[in-house]
Amino acid sequence: MTTGTLEDFMLDNGLVTSAELGKAKQMCSETGERLVTAIRRLGIVSGSDLAQAVAAFYRLPTVSEADWPKTLVLGDVLSPRYLREHKLIPLAVDERGVLLAAADPSHTDAIGAIQLACGRAIEVRVASAEDIDAAIDRLQPSDDAADAEALPAAADGDDDVEHLKDLALGAPVIRLVNQLLLDGLYARATDIHIEPFRGRLNVRFRIDGMLTEGRTVPAHLARAVVSRVKIVSGLDIAERRLPQDGRARVRIDARTLDLRVATMPTIHGEAVAIRILENLQRVLDLSKLGFSDAEEAILRKHLAAPHGLMLVTGPTGSGKTTTLAAGLTMLNEPHRKILTVEDPIEYQIEGINQTQVKPDIGMTFASALRHLLRHDPDVIMVGEMRDTETAQIAVHAALTGHLVLSTLHTNSAAGAVTRLLDMGVDGYLLASCLSCVIGQRLVRVLCKSCREAVVGRIDFPPELMERAGLEREAAHWRAHGCDRCGGTGFLGRTCIVEVLQINDELRSLMRRDIMAGQVEDAAVRAGMSTMALDGLRKVRAGITTPDEVRRVTIEA
């Protein structure tokens with residue numbers, strides 16, 4: 001028998017903090033969800049760690065790789081929709097009863113309903129909700145594409161808008177588009193790409209930063225599928241010559257999703273890119289994003305300053321917005337007024353005033369930032385410094401008593417200094433306000449269920465290898481692939497970072513003719529670890545692979 005409560009168990013074992021638990025309980029009261037579901041949805045604890053904690057608390061075994069069935073068990077009795085909603089899946093059945101995987105063993109109503117439907121005893125094992133979703137998806141292919149196959153093709157003329165609208169509002173196309181969204185959601189995709197080509201309609205998912213092929217869609221339904229997405233996101237289905245952008249909030253299979261939609265005309269029809277943003281308040285924690293204790297301590301020190309300029313740099317898709325959101329979450333207290341101007345607003349944070357730029361009506365980063373300063377803010381977050389005017393206003397805001405956070409598209413933390421100087425910011429002003437620059441990339445995390453230990457050559461510069469504590473021929477891990485990770489060998493992503501603190505030597509270098517390499521050399525002398533070094537340390541820890549670090553860093 002267990003004693004105490006699951007929340008006490010998780011608190012005592014350091015899996016959650018009191019603040020995180022409070023947010024989870026608030027979500028439970030607002031949505032009616034169970035605590036385990038709220039903790040998972042908020043991202044407080046990873047799926048695998050949550051499953052281990054639940055199993056330990058209830059003293060139940062976890063599901064092993066060998067336990068997962070190859071075919072659907074009790075498919076004629078149990079609805080996949082019910083199983084997915086309650087995060088349950090039968091693993092096996094015999095005369096003794098049903099072996100059932102559950103993400104939350106305390107959900108006795110749902111488990112009891114399965115026992116009643118099967119008329120057999122139930123033996124419960126614990127698995128993560130993600131593993132259960134993946135198993136259901138693998139064992140229960142959807143018939144939506146087959147249903148949609150029988151629909152007639154859309155006409156090619158300009159007078160077919162009503163016909164297209166009828167198709168897009170028909171049940172088969174609605175189910176097909178919903179299934180594409182669910183496929184992306186349960187595959188952990190951040191983006192869904194719907195791309196028309198001659199004789200085919202490609203669907204691809206971006207998972208852990210890499211594109212993978214999705215389900216096939218009948219080519220003659222390309223325009224009906226695109227029209228359905230346009231209708232949902234409030235776009236004009238009659239306009240096919242110009243790109244369009246929209247947003248949507250949809251409820252599918254008991255999940256509420258925020259979507260950002262962009263269409264683009266191509267030679268074979270309109271292509272669609274859908275960004276999936278779950279309609280949730282995720283808990284953002286620097287340590288869970290991949291920052292070490294030392295790096296987090298540096299950032300907390302600079303975030304605690306009353307004024308100054310902090311920047312996050314990296315290419316598109318390197319997690320800059322998430323890092324900024326984590327910083328804002330740390331600063332989000334009643335005595336601080338925090339204002340942001342973003343494009344788009346990806347994280348909606350309670351208690352922070354967030355503004356979306358609208359260039360078509362003159363609401364640019366620069367104009368919005370100028371107006372924000374009249375609202376007596378303590379902290380300002382500028383989504384991106386795109387031009388000289390925005391950079392200069394942000395610098396002056398940092399000099400006049402505000403803490404300013406922003407991003408730049410540069411290859412390294414050192415590159416942010418030279419980029420701002422090139423954008424026309426005076427060196428003496430930059431030296432007075434810039435406090436910290438974070439350079440980062442995202443690397444894929446090895447799946448712990450199937451990673452393989454190897455000893456082999458790691459080709460990085462010798463001085464980096466030495467600083468990382470690695471030999472040229474070193475033991476490390478490589479990806480293998482299993483059902484849990486979809487055969488990729490990777491499950492999730494983490495940051496590799498470099499944190500550049502501005503000191504007196506770096507301030508003396510802030511002049512127009514300075515090179516990024518000189519800035520980086522001075523920062524390394526002051527103790528900065530480069531992204532490549534941080535990546536190699538994560539290789540040594542078994543978090544990622546040398547190839548992943550090489551793929552995203554310049555120093556490879």
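Is the crossing of α15 and α16 left-handed or right-handed? The crossing of these two helices is left-handed, and the points below set that pair beside other features of what is a predicted model.

1. The pair α15 and α16. Helix α15 covers residues 365-372 and helix α16 covers residues 388-399, and their axes come within 8 Å of each other while crossing at roughly 20°. Because angles under 35 degrees count as roughly parallel, α15 and α16 are described as roughly parallel to each other. On the side of α15 the contact is made by F365, A366, L369 and R370, and on the side of α16 by E389, T390, I393 and A394. Sorted by class, this contact has five nonpolar, one polar and two charged residues.

2. The pair α17 and α21. Two packed helices are described by the angle between their axes and the distance between the axes. For helix α17 (residues 413-422) and helix α21 (residues 516-525), that angle is about 135° and the axes are 8 Å apart, which makes α17 oblique to α21. The crossing of α17 and α21 is right-handed, and the residues that make the contact are A414, G415, V417 and T418 from α17, together with A516, V519 and E520 from α21. By class, the contact of α17 with α21 has four nonpolar, two polar and one charged residues.

3. The nonpolar cores. In soluble globular proteins, nonpolar side chains tend to be buried together. Here the largest nonpolar core has 45 residues, and the members that touch the most other members are L309, L311, L420, L434 and L500. Leaving aside residues up to four places away in sequence, L420 touches L309, L311, M385, A391, L408, V425 and L430. There is also a second, separate core of 32 residues, and L221, V250, I252 and I276 are among its members.

4. The cis peptide bond. Most residues other than glycine have a negative phi, and most peptide bonds are trans. The bond that joins D343 and P344 is a cis peptide bond, with omega at about 0°.

5. R188 is not a glycine, yet it has a positive phi of about 65°, and its place is the loop between α10 (171-186) and β4 (189-197). With a relative accessibility of 29%, R188 counts as partly exposed. D208 is likewise a residue other than glycine with a positive phi, in this case near 50°, and D208 is found in the loop between β5 (200-207) and β6 (210-213). D208 has a relative accessible area of 8% and is buried, since buried means under 20% relative accessible area.

6. The loop position of P461. Where does P461 lie? P461 is in the loop between β16 (452-457) and α19 (462-468), where the residue is partly exposed, with a relative accessible area of 24%. P461 and A532 are 71 residues apart in sequence, and their C-alpha atoms are 9.9 Å apart in space.

Technical notes: Residues numbered from 1 in each chain as written. Predicted model: local features only at pLDDT ≥ 70, side-chain atom pairs only at ≥ 80, totals over all residues. Heavy atoms only, no water. Core = buried A, V, L, I, M, F, W, Y, C linked by side-chain atoms within 4.5 Å. Buried < 20%, exposed > 50% of the residue type's maximum accessible area, 1.4 Å probe, protein only. Contact = heavy atoms within 4.5 Å. Axes fitted to C-alpha atoms, helices over the stretch in contact; angles between N-to-C directions. Helix = DSSP H or I, 4+ residues; strand = E, 2+ residues; numbered from the N terminus. Parallel < 35°, antiparallel > 145°, perpendicular 65-115°, else oblique. Left-handed = near helix turned anticlockwise from the far one by under 90°. Nonpolar A, V, L, I, M, F, W, Y, C, P; charged D, E, K, R; others polar.
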